[in-house]
Amino acid sequence: MSVAIERLGPEDTALVAGRIAQAFTVLEVTRWLVPDASKREAVLAGNFEILVEHAMRHGLVYANADRAAVAVWFPSVGDPAPPPADYDARLAAACGAWTDRFQHLDELFAANHPHPDHHHLAFLAVQPDRQGQGLGTALLEHHHAWLDANGMPGYLEASSPRSRDLYAQHGYRAGEPFRVPDGTPFWPMWREPVSH
């Protein structure tokens, strides 16, 4: 089955952030980030909107035709992109009482982020009722083709054993996990480009 992939623009920012939040509310780490289940998806969407908007300027945002699956990549090559404008204030507005937990996660990600040039897969999310249909794989393969053609490694943080094992099937190798304070792990994963 061939899946048409297209690059999205700023007008899709809220949709992409909502799609990621919808897919990520079931992750163990989001229970630590936002313990209140009734507010979790909205808080996550607000946080992700800051990052997706940033990616629209400094990264690459892709989706399948009906937007059921989205991928957000940040090139980490040469000088780093500036942080999102007014990030601290916007984070506090989006995350409220749980802002310190999101800041802690940002610091963990920064401390474990590799330094060689690479493209960072910040988010890969598929609408829950469309998972297991190959949409995430199509998005991965779409950008991996560019990475391979340009000799560029890929990097991501896998947030569950299931996603870690899925990414391993696509050439990513997991490093030692790092953990949020409640013990929930993230696996840093690196993919060397494949020469064809």
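Reply: Happy to! H3 and H4 are roughly antiparallel to each other, a label for angles over 145 degrees, while under 35 counts as roughly parallel, 65 to 115 as roughly perpendicular and the rest as oblique. This is a predicted model, in which local features need pLDDT of at least 70 and side-chain atom pairs count only at pLDDT 80 or more, while totals for chains, interfaces and linings use all residues. Residues are numbered from 1 along each chain as its sequence is written, and side-chain values use heavy atoms, with hydrogens and water left out.

The axes of H3 and H4 (residues 87-95) cross at roughly 155° and come within 8 Å; axes are lines fitted to C-alpha atoms, for helices over the stretch in contact, and angles run from 0 to 180 degrees between N-to-C directions. Helices (H or I, at least four residues) and strands (E, at least two) are DSSP runs numbered from the N terminus. On the H3 side, Val43, Gly46, Asn47, Ile50, Leu51 and Glu53 make the contact, and on the H4 side Tyr87, Arg90, Leu91, Ala94 and Cys95 (contact means heavy atoms within 4.5 Å). This contact has seven nonpolar, two polar and two charged residues, where Ala, Val, Leu, Ile, Met, Phe, Trp, Tyr, Cys and Pro count as nonpolar, Asp, Glu, Lys and Arg as charged, and the others, Gly among them, as polar.

H3 (residues 37-58) also packs with H1 (residues 13-24), at an angle of about 135° and with axes 8 Å apart, so H1 and H3 are oblique to each other. Residues of H1 that meet H3 include Val16, Ile20 and Phe24, and among their H3 partners are Leu44, Phe48, Val52 and Met56. By class, the contact of H1 with H3 has 11 nonpolar, three polar and three charged residues.

H4 in turn meets H5 (residues 99-112): their axes come within 8 Å and cross at roughly 130°, which makes H4 oblique to H5. Here Tyr87, Leu91, Ala92 and Cys95 of H4 touch Thr99, Phe102, Gln103 and Asp106 of H5. The contact of H4 with H5 divides into five nonpolar residues, two polar and one charged.
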